[in-house]
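Please open the structure in your viewer and keep the selection tool at hand. The stops below say what to select next and what is there.

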Amino acid sequence: MDRYICIHGHFYQPPRENPWLEEIELQDGAYPYHDWNERITAECYAPNAASRILDPEGKIIDIVNIYSKSSFNFGPTLLAWMARRKPDVYEKILEADRLSMRRFSGHGSAIAQAYNHMIMPLASRQDRQTQVIWGIKDFEKRFGRFPEGMWLPETAANAETLDVMAESGIKFTILSPRQAKRVRKMGMPENWEDVSGERIDATMPYLCRLPSGRQINIFFYNGPIAQEISFGKLLNNGENFARKLISAFGSHAGRPQLVNVATDGENYGHHHRFGDMALSYCFHFIESNNLAKITNYGEFLEKHPPTHAVEIFENSSWSCIHGVERWRSDCGCCSGMHGGWHQKWRKPLRNAMDRVKTQLDNLFVKEAPKYFRKHEDARNSYIDVIYDRSHANVEKFFKAHSRGNLGKEEIVKALSLLEMQRNAMLMYTSCGWFFDDVSGIEGVQIMQYASRALQYGEAVSGMKLEEGFIRSLSETLSNVYGNAAKVYEMYVKPSKTDLLRVGAHYSISSFFEEYNSHTDLFCYTAKSEAYEIKEAGKLKLATGKAVIRSNITWEEKRVNFAVLHLGDHNISGGAEDFIDDEDFMAMQDEMQRSFARGDMHEVIRLMDKHFGGVIYSIWHLFKDEQRKVLNHILHLTYESIETSYRQIYENHYPIMSLFHSLHVRLPRPFSAAAEYIVNTDLKRLFDNAERLDLQKLQSLVEEAVRWSLKIDSPTISYSISSWITSIMERIDHTPEDLSRFELIDNVFKLITPLALNLDLWKAQNMYFMISTEDLGRMKEKAKGGEGFAKRWLEAFKVLGYYLHIRIS
């Protein structure tokens, strides 16, 4: 067959980690999920690892790992997060690459990506090299092989970027048809054909010869179909998607044709709900009707190498018709969501970042040779440490790159220099310039990375660097806040952290957490050396000392602390550098004696005295812990609110019934009380996986229907979905326990009137797994006349009905 199809998904999220904590903090906009990475994983990355193929009646007939049939790349920073937070999905992605190697003649479908989505043509050559090297090394460590191809962020390319990739051994990349300038048949050097304006034949690969003498293969994707996937309705129907792809084959008799499309992978589930299912059915339809051969770029390139050469437009990309101006000027490209807004901030923001980068690069060149034999090699190899920060691996890195045995302070400075370089590259993540204003979360994120890089630079050099950056930001206009310096003051500075603030967080949160002698706090470790707590009713005083250590740079600080909790959110604490035991004991003794006398004003005065007026409160806790503490503090308040609502609901139930019988709408105070209580009781009911009160559930559902109550659908759906998953896990472990089948079936029946949008993805996966492992065995037993097996099959069939699955 000479007709081939390849569908590429660029799966990527901008790095969202707090640069001082190396973890993503709570993002309320992603509710009910913790953060946007978690939400998009649930909506897209996980479903693509187990996508559903439906029959004409909408029942699931198969579950497939789409990644194994498509071409894909994942951003390295996203995979790093996924490996920590969603290891099951992460393993499915790695498994898909192994499966694809068997499917596609030894060529894996995964390709690498330049490390942190920096616009490569706007980067220095050193940064380009590091981005490519880090992208390759990260890929090798995760997928266990060298990548054949590499995705360029925003497909932004120029000859020098392609040359760096070719120099590193990359065979191919994927570009937009708009980026092709001219082509010629190989062996005919003078016969160049102008293909500008997206007129290139995208059904074959091309060879791009570079000024250095190196060369790289380029695939150009089908632009119109990619556009329809991203911004049209092509993903509404998998068969229509397949037919659209087939229609793109030309009349090029006698040569193989590749119809290939490349889009953001998030189209398949996040931007377009159930987009993954359209993709899986598209593959199913093409293969089952033998319309074309599904392939990936590596396999097609091996079987059908280029016959034509190509030249590209320098500094071009897929998401800016002006080249790469979207990341350095007010070119007119924007989201279109804010009419009247300008993007004049882009150029001065880029200039501000460039000035910071120049300062920090000069500092690195000056200081790094004191610690490394070849500082550029050490920087390029630092990805090995980022991937694995264990003590043994860091020592291995220094053994390979340092100038002899470094002392403790020298190691801290050496690691700080490398982290300075890492953050100075992260601050160029493309999303910071892509959207409409510098005050967006993406702009704030890259300013945080710049701030962190500057903080490392100041620690190593002793110079004041941040002030100049803020002055530059004051010249960067914002549509919302006037200028970027105000954005920096509001959203970046409050996030800045040092070891002393980590110590303050440790001391305040110790009222609400039971800490061990060694406690991990994000990317820090707190080692308790002394801790004492005194209580008087609801009043508490904690004093202690601890060693706070950065697990990134190995920097350590011993701190004293004292924290007073007056109840509720009234917390005051102080932390300072440890001086000596005598000073600590004096502080502790003074405060404890005043506390014992009940003189809280004196305790606060002493805190001011000993900690130099630097007092911390609940506002200085890191966001997740802050929310946890607030919920803890508000627990009693919630109980009081619930009691009040419950009294209204129960005491006035007869009058509510009268209103109902007279077909009169309930007064708002009554309906509000009923909604609060029914939603609270529904959520609480599903907190216990095994001891679910079905009679209570039936009563609550009837009440919701009777009073036409508004159900908190996101929260209740999330709770019930989690409960269903937990029961399915128990069924998976003990599949012959029919009581759980009956329990879950009864729940499905009872909640039907609520019309909830349940997430059954994990439950359906487990159902398929059980069908693979146990269904055949039970069928054989049922054929032999075993009564239990017959009952099991009937229960399994009913469960499949509620999970929307049809098993033959």
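Buried means under 20% relative accessible area, exposed means over 50%, and partly exposed lies in between, with a 1.4 Å probe and protein chains only. This is a predicted model, in which local features need pLDDT of at least 70 and side-chain atom pairs count only at pLDDT 80 or more, while totals for chains, interfaces and linings use all residues. Residues are numbered from 1 along each chain as its sequence is written, and side-chain values use heavy atoms, with hydrogens and water left out.

**First stop: asparagine 315**

Select asparagine 315, which is partly exposed, with a relative accessible area of 28%. Asparagine 315 lies in the loop between strand S14 (308-312) and helix H10 (346-367); helices (H or I, at least four residues) and strands (E, at least two) are DSSP runs, numbered from the N terminus. Which residues is asparagine 315 in contact with, leaving aside its neighbours within four places in sequence? They are Pro121, Ala157, Asn158, Gly323 and Val324, where contact means heavy atoms within 4.5 Å. With asparagine 158 there is also a polar contact of 3.3 Å between the side chains; such a contact is a pair of N or O atoms within 3.5 Å, and within protein one must be able to donate a hydrogen and the other to accept it, residues adjacent in sequence counting only if both atoms are side-chain atoms.

Tyrosine 221 counts as buried at 7% relative accessibility, and tryptophan 318 counts as buried at 17%.

Now select S11, where five of the six residues are buried. Strand S7 (residues 172-175) pairs with S11 in the parallel sense over four bridges, and two strands pair if DSSP finds at least two bridges between them. In this pairing, isoleucine 174 has phenylalanine 219 in S11 as its bridge partner. Strand S10 (residues 206-209) pairs with S11 in the antiparallel sense, also over four bridges, and leucine 207 stands opposite asparagine 217. S10 and S11 form a hairpin with five residues between them, and glycine 213 in the turn has a positive phi of about 100 degrees.

Move on to the open sheet of five strands, ordered S17-S18-S19-S20-S21 with antiparallel pairing. Strand S17 (518-521) and strand S21 (571-577) stand at the edges with a single partner strand each, so one side of each is left without a neighbour in the sheet. From one strand to the next, the twist averages 30 degrees; angles run from 0 to 180 degrees between N-to-C directions, and axes are lines fitted to C-alpha atoms, for helices over the stretch in contact. Then select helix H21 (residues 600-610), which packs on the sheet, touching strand S19 (539-550), strand S20 (556-565) and S21, and whose direction makes about 160 degrees with that of S20.
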